[in-house]
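Me: Could you walk me through this one with me? I'd like to go from the surface to the backbone, with a word on confidence along the way.

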Amino acid sequence: MRQNVKPTQEPVPSSDIKNLFFNSGLLDIWATSLEHKYIDRFGNCHLTAAGMEWIFNELVTKFKIESEQALLAAGYAPAGTFQEGAEVVSRNGTVLWKLPDGDGDHYRWDGDLPKQVPAGSTPQSTGGIGKGAWVSVGDASLRGDLKQGDGSLVGISYGMGRTGNLNEYLSLMFSNVINVQLHGILADNSDHSDALNYLITNAPPQSILYFPNGDYLLRGIKVQRDDISIVGQSIDGVRITLGAGSDGIFWRCGVRGPMSDTRNDNIPVYAGNDDFYVAANCSPALPDYPRNKNIKLNNITFILTDRFGTGNGVGVEFHRLDDYEKNIKIEWESEFEFGNGCRHYFCNGLKSDIFVTAPNKNTTYSVLYFWSFGARIGEWQIGEGKVLNIDFKHAVDLQAKVIKGISTTALTGGAVQFGYGSRNASIGTLQGIGAGVRLRAAEEFERAKSFTIDKLVIDNPEGDGLTLGHVDNLNIGNYDIRAKTPLTFTFIPYLVSSSEDTNFIPKKNTSRWVYDGNYDTIRTDGNITKYLEYRANPTLSRFKFGVGTLTKVGASEAAVYFNIAGGSEPFYDANGLLPRINSMPDRTINTSRADAIYDGQPPASIHRGDFGEMNIIYESGASSNSGAVFMGGQVNDVVGKINLSPRTATVWLALLNSNITLNFRQPQTAAGSPLIRLYLMQNSSLDGDWQCGSYPVLFENYAFNEKISGNFGANFIFNSTPIDAPLIRTQWSKEEPMESTNSISFNGAKCPPLANLRQLIRHYGTVKNPNGVDEIGGGLSCEGGWFRNVPMSRVFTHSNSGTEPPLKANHVGELAVNVTTSTWWKASSLSNWTRY
């Protein structure tokens with residue numbers, strides 16, 4: 001009859017008749033049952049009298065075994081027993097007084113040796129016990145102490161790396177540590193999911209559900225409460241094969257939020273410009289959707305299986321949690337089609353010292369970390385998925401010692417991605433092995449912001465290395481990137497709105513960079529029409545690189561590549577000028593995601609930074625279609641040093657207000673190929689050591705009206721007979737492309753006297769006399785400036801020291817030297833020379 005009585009949950013003490021009746025039955029179970037445990041009316045587990053006796057016997061047996069081992073380890077040598085007789089010949093010889101007629105202890109003889117022990121004797125009958133007689137070296141005296149003690153004399157190891165005494169162990173057994181095997185959750189590969197879900201729901205606050213080492217089978221586990229820990233004895237010893245439950249869930253911690261947390265067009269619902277956690281902007285708690293806190297999942301390896309179907313496509317998931325822990329491994333029973341091995345959604349305050357996932361090329365992302373804050377990570381090692389290993393999708397205030405993505409194929413999404421407006425992340429070591437690393441805003445945000453990476457290592461010989469797209473405030477220390485394209489810059493149109501917003505009235509901008517409407521292009525994704533705009537947000541801004549190496553392998557466009565669809569012309573307005581952007585118009589949906597800094601820079605530029613010291617090398621067989629460095633966008637207010645080793649080291653640049661050192665370690669192999677191709681140079685300087693195999697500089701022709709100005713302070717090095725080529729070659733088709741006749745200079749440049757370097761500048765475009773600067777013939781020795789700046793020497797050869805220079809002067813006062821006779825001349829006019 002008792003089994004039909006349902007007790008109440010009335011707090012202790014309770015006088016409810018139902019509880020009294022229920023507890024009377026429990027008393028009978030405690031006293032007479034042979035079972036080792038029983039469950040009280042609150043669902044808590046306790047030991048019966050039989051269970052206590054069993055534990056005590058187990059401990060005694062364990063203690064005796066350990067005592068015997070300790071006796072041998074201490075150097076004692078058993079000589080026999082009192083019952084059977086023995087002879088003790090050394091001080092470490094012992095005689096056992098066997099149970100049941102003895103006390104089970106070992107004794108050594110403290111008197112004269114040898115000592116004869118007749119059969120059927122006792123310690124008392126053969127000399128007594130005490131100094132100079134038999135001395136106990138076993139556990140009999142200790143057991144006497146135990147009878148009088150409180151359990152503190154018994155040491156014991158009880159899992160989870162813990163050791164203590166019997167008193168502590170029994171205290172834990174009856175406090176917050178709950179051994180799941182005592183609740184029927186056994187390591188027998190049978191499904192005990194119902195028992196675990198019941199235990200999770202009903203365990204007291206601060207409970208630790210402890211899994212001893214073994215192989216378990218579970219499905220559909222839900223941890224949707226506060227203050228509970230689920231802990232394995234060891235991360236490799238506790239292995240849970242995890243399948244989908246009837247509701248499609250594999251293992252879920254927390255309560256999934258309402259559908260209103262996200263939009264179908266992927267535009268964020270919450271403000272995306274917080275640098276730290278703000279509760280109101282991270283799926284806040286609602287009556288039907290509470291947030292949970294202090295859930296810990298540690299020391300377990302999960303093996304995901306599709307034996308029960310693939311459910312909702314997520315293995316171990318964490319939803320809307322605060323202050324939680326995760327130290328687990330994830331493996332796969334087979335590489336089946338799946339969504340994510342692990343997912344975090346709208347969480348805050350993760351602590352995770354270790355997290356490892358095995359590869360599964362049929363899962364979309366191995367790990368998705370979405371719109372979550374405050375993670376503190378030790379070391380994560382993420383195996384590959386179909387698209388990428390791990391996507392940090394709006395990760396904010398993240399600190400990590402090591403994040404490593406390992407792949408065997410060059411994934412389109414990379415090994416590790418920080419996207420969707422991620423910001424405020426600090427990483428000790430970031431590695432992409434077999435796939436690249438991407439830091440990008442994504443189309444829903446104007447920028448990703450504030451990344452510090454102490455060490456960056458990428459080895460992806462089949463694809464891209466580091467990809468940057470609209471990143472602001474980036475600091476990278478040492479780096480080593482090996483890939484087909486080690487460094488890529490991308491420009492991403494901005495998603496203004498979509499057909500999901502019924503209040504949005506689309507109006508197309510007149511042209512790119514003219515914001516008189518609200519979109520530039522349209523894209524259809526399924527049933528949603530998306531309106532995108534070419535915002536002027538920098539591709540990279542406020543950045544600093546340390547010292548590192550870019551190693552190019554295989555064939556691709558370049559080692560450093562920045563291209564805009566349609567080429568450079570789309571940057572310029574109808575007047576052929578670069579727009580300088582100081583602000584951008586607000587748009588209608590969630591303007592917090594549009595917070596890029598505009599301070600007069602050109603559109604989509606690489607803006608305000610330091611490339612540090614970048615070393616570019618090519619492995620054997622590596623090649624570039626567009627040179628070693630191809631910068632299709634503007635480089636504005638940037639400094640740095642780039643050392644180039646390949647013999648195909650053409651650099652394409654559009655420089656504004658920048659000072660770059662380029663060191664070309666080898667001359668070009670292709671005849672007629674320049675070291676540097678310039679779309680635009682304005683108020684900038686280039687210097688370094690330039691190994692010249694052809695003409696060093698080419699000014700390309702583009703349909704713009706920006707003015708050229710800059711300085712070449714390079715050391716022009718010709719290791720063989722100089723070829724008949726200019727230092728600068730132009731392709732200009734616009735009149736007066738230079739700021740003035742003094743716009744281009746060679747201040748600080750060095751060049752040996754080269755009489756057979758026939759021209760300083762030559763115009764191959766339609767404009768042959770830009771700003772009055774004709775093609776300038778003759779050799780040169782540059783130790784100063786050019787184009788009416790300061791005098792520089794010209795060189796020629798002739799056997800007669802009195803022969804005037806066969807050169808046209810650039811300006812009055814210019815110097816020339818006959819390198820055969822060491823005779824100097826000075827230009828008295830543009831057509832006449834006098835001895836100097």
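**A walk through the model**

Reply: At 56% relative accessibility, Leu 27 counts as exposed, where exposed means over 50% relative accessible area, buried under 20% and partly exposed in between, with a 1.4 Å probe and protein chains only. This is a predicted model, in which local features need pLDDT of at least 70 and side-chain atom pairs count only at pLDDT 80 or more, while totals for chains, interfaces and linings use all residues. Residues are numbered from 1 along each chain as its sequence is written, and side-chain values use heavy atoms, with hydrogens and water left out.

Me: Where is Leu 27 placed?

Reply: Leu 27 is in helix α1, residues 17–32 (helices are DSSP runs of H or I with at least four residues, strands are runs of E with at least two, and both are numbered from the N terminus).

Me: And which residues make the nonpolar surface patch?

Reply: Leu 27, Trp 30 and Met 52 make a nonpolar patch of about 290 Å². Patches take residues with over 30% relative accessible area and no salt bridge, joining like charges within 9 Å and nonpolar side chains (Val, Leu, Ile, Met, Phe, Trp, Tyr) within 5 Å. A salt bridge here is a side-chain nitrogen of Lys or Arg within 4 Å of a carboxyl oxygen of Asp or Glu, and accessible areas come from the Shrake-Rupley method with a 1.4 Å probe, only the protein chains shown counting as cover for residues.

Me: Switching topic, what does the pLDDT average over the chain?

Reply: The average is 85, and 84% of the residues score at least 70, pLDDT being the predictor's confidence in each residue, from 0 to 100. Over residues 140–149 the pLDDT is below 50, and this stretch has 11 contacts beyond near neighbours in sequence in the model, a contact meaning heavy atoms within 4.5 Å. Over residues 158–162 the pLDDT is also below 50, with 18 such contacts.

Me: Which residues does a cis peptide bond join?

Reply: One joins Leu 99 and Pro 100, with omega about 10 degrees, and Pro 100 sits in the loop between β5 (93–97) and β6 (105–109). Another joins Leu 113 and Pro 114, with omega about -5 degrees, and Pro 114 lies in the loop between β6 and β7 (115–117).

Me: Is His 470 buried or exposed?

Reply: His 470 is buried, with a relative accessible area of 1%, and its phi is positive, near 60 degrees. Its place is the loop between β30 (448–469) and β31 (471–489).
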